[in-house]
Amino acid sequence: MILQTTVLLYSCVLAAVLCARVEYDWEISNVNIKMDGKHERLAVAVNGRIPMPLARAQLGDTLVLNLRNSLDGEPTGLHSHGILNNGTNYYDGAGMVTECGVAPGAQLAYEIQLSQTGTYWVHGHHNSQYINGLRGPLVVTDPAGEPYDYNEDYVLTFEDWFPHASDVIMDPESMLPEGAAGHKSPLKKAPGEKYPIGVINGASGDSAPELPFAANSTYRLRLLNIGSTS
């Protein structure tokens, strides 16, 4: 009995040492951005960035996303895509499903116990905020070691990007064909324009930076499709 108690106590102490509370302070706000270098449009950013900063944690950690809503008159929230949230469904972030949303000017700390490893993503789940840029990668590693040996890993997010905000794109009138009953679509493309454009790690696919690879090295590529329509 004494031995069993000692083993249990040791396990608890070891878990406390290995597991951490990993916190990110994220302010969600609107920004004007010209992703394609031509069309400036309103977007939703985290700490002024699109996509949101990479979040990293380890198996057993408690991931804490401290959200502050600085949007103008619109609730928001964060959904950790692929994370089970067993027992913490109230932190799932699905607007009007598991939460009412974080009101403008309000704050909420999402506390997520990580019981899975792998490559996931975090995105807005209110209205269509994630189409407007509220999306980014989440990587959870195993402190006991990964199943593969590699020198470095790269996280690559693939997105689609439109020259207009989602409220214009999803407006039923915007979906009418040009010229129908005299309709002039706000989504009409100029000659030679192609939309949506492909975006890699927040940069247009035509101008995304190259990845440095060294000879005799092994790399892990974490590929995430965080697009809305493709």
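Salt bridges across the chain

Mentor: Arg220 is partly exposed, with a relative accessible area of 21%, where buried means under 20%, exposed over 50% and partly exposed in between (1.4 Å probe, protein chains only). This is a predicted model, in which local features need pLDDT of at least 70 and side-chain atom pairs count only at pLDDT 80 or more, while totals for chains, interfaces and linings use all residues. Residues are numbered from 1 along each chain as its sequence is written, and side-chain values use heavy atoms, with hydrogens and water left out.

The side chain of Arg220 meets that of Glu146 in a salt bridge, at 3.0 Å from N to O; the term means a side-chain nitrogen of Lys or Arg within 4 Å of a carboxyl oxygen of Asp or Glu. This pair links distant parts of the chain, 74 residues apart, since Arg220 belongs to strand β12 (residues 219-225) and Glu146 to the loop between β8 (135-141) and β9; strands are DSSP runs (E, at least two residues), numbered from the N terminus. Glu146 is partly exposed too, at 25% relative accessibility.

Asp153 forms a salt bridge with Arg222, with the closest N and O atoms 2.8 Å apart, and this pair joins strand β9 to strand β12 across 69 residues. Both Asp153 and Arg222 are buried, and for Asp153 the relative accessibility is 16%.

Asp153 also forms a salt bridge with Arg56, where the closest N and O atoms are 3.1 Å apart. Asp153 lies in strand β9 (residues 152-161) and Arg56 in strand β3 (residues 55-58), so this pair ties together parts that are 97 residues apart in sequence. Arg56 is partly exposed, at 31% relative accessibility.

Elsewhere, Arg21, Glu23 and Glu111 are linked in a network of salt bridges, and the count for the model comes to 7 salt bridges.

Definitions and conventions. Helix = DSSP H or I, 4+ residues; strand = E, 2+ residues; numbered from the N terminus.
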